[in-house]
Amino acid sequence: MLKYNSVVLAILNQKGGCGKSTVCNILAEYMAIMANKNVLVVDLDMQCNSSDYWVGMESSPRSVGGQLPPLHPDYDGDPDLEERSTIADIYFGKAVLPFETYVSEANGFKKRVDIMVGHPALLERINSEFDNESGQIEHKVINRLHEFLHMEEMKELYDIIILDTGPSRNPIFRSALRAATHTIFPFECEEKNLQGLIQCYKL
Ligand SMILES: Nc1ncnc2c1ncn2[C@@H]1O[C@H](COP(=O)(O)OP(=O)(O)OP(=O)(O)O)[C@@H](O)[C@H]1O
Ligand SMILES: [Mg+2]
């Protein structure tokens with residue numbers, strides 16, 4: 001039986017470009033500044049738009065998606081961590097270091113938002129290797145994010161965890177659904193947006 005300890009808000013819609021990342025990041029800033037909450041953003045989209053917004057992705061033309069996540073400034077050679085520490089690492093049995101970022105109100109008052117960045121190549125690898133709907137391995141992958149985000153330590157560190165998701169139905173997307181306690185569907189009132197919303201339930 002899966003336990004739900006943390007508040008995990010997933011931003012979902014299978015329609016691309018409907019405002020998921022925008023809502024995710026504005027909401028994270030709002031929660032940190034206006035609601036004084038400890039916020040973690042988790043970027044589960046291979047496009048890594050939210051990672052780029054918060055910490056800047058490195059241009060890497062030869063890498064999948066043309067980008068690499070940045071080196072983590074606190075990486076100290078720990079074998080349980082990658083030097084480009086990303087949320088993808090938890091699916092390979094490793095730990096992940098969040099990046100600390102700060103948002104400022106107009107008066108310069110700083111508030112912290114943590115982000116666990118995405119990794120285009122590794123997220124793509126997880127999605128392609130484990131895209132077997134009935135397979136045992138895929139179930140492990142789908143549950144992995146839930147197990148991680150609902151650990152007692154995560155509940156102590158964060159008041160809210162916001163998941164930015166991509167516009168495809170893949171194992172990572174399913175793991176976001178499994179981990180979520182709350183959802184927001186950014187939605188424009190037209191046919192393709194509605195189809196994208198309906199597809200989220202056809203899993
Ligand atoms: N409410 C809004 N009004 C105007 N423009 C918006 C609004 N929300 C998002 N946009 C713009 O629409 C574009 C797509 O938004 P965004 O990247 O947030 O979509 P997305 O759903 O995350 O896309 P993807 O599915 O590719 O990840 C961006 O250029 C963004 O600035
Ligand atoms: Mg997006």
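Helices (H or I, at least four residues) and strands (E, at least two) are DSSP runs, numbered from the N terminus. With that in mind, select Phe187, in the loop between strand 8 (182–184) and helix 7 (191–201).

This is a predicted model, where local features need pLDDT of at least 70, side-chain atom pairs count only at pLDDT 80 or more, and totals for chains, interfaces and linings use all residues. Residues are numbered from 1 along each chain as its sequence is written, chains are lettered from A and ligands numbered from 1 in the order in which they are written, and side-chain values use heavy atoms, with hydrogens and water left out.

**Stop 1: a surface patch**

Stay on Phe187. Phe187 is partly exposed, at 38% relative accessible area. With Phe187 they make a nonpolar surface patch of about 260 Å² accessible area. (Areas come from the Shrake-Rupley method with a 1.4 Å probe; for residues, only the protein chains shown count as cover. Patch members have over 30% relative accessible area and no salt bridge, with like charges joined within 9 Å and nonpolar side chains (Val, Leu, Ile, Met, Phe, Trp, Tyr) within 5 Å. A salt bridge puts a side-chain nitrogen of Lys or Arg within 4 Å of a carboxyl oxygen of Asp or Glu.)

**Stop 2: ligand 1**

Select ligand 1. Its surroundings include Gly16, Lys20, Asp45 and Pro167. (A residue is near if one of its heavy atoms lies within 4 Å.) Next, show the polar contacts (pairs of N or O atoms within 3.5 Å; within protein, one must be able to donate a hydrogen and the other to accept it, and residues adjacent in sequence count only if both atoms are side-chain atoms). A polar backbone atom of Ser21 is 2.8 Å from a ligand 1 oxygen. A side-chain N or O atom of Gln47 lies 3.1 Å from an oxygen of ligand 1. Taken alone, ligand 1 exposes 630 Å², and the protein buries 49% of that.

**Stop 3: Thr101**

Go to strand 5 (residues 99–104) and pick Thr101. Thr101 is buried, at 7% relative accessible area. Its side chain reaches the backbone oxygen of Val113 at 2.6 Å.

**Stop 4: two positive phi angles**

Most residues other than glycine have a negative phi. Select Asn36, between helix 1 (20–33) and strand 2 (39–43). Its phi is positive, about 55°. Asn36 is exposed, at 53%. Finish at Cys48, in the loop between strand 2 and helix 2 (49–55). Cys48 has a positive phi of about 60°. Is Cys48 buried or exposed? At 1% relative accessibility, Cys48 is buried.

How values were computed: Buried means under 20% relative accessible area, exposed over 50%, partly exposed in between (1.4 Å probe, protein chains only).
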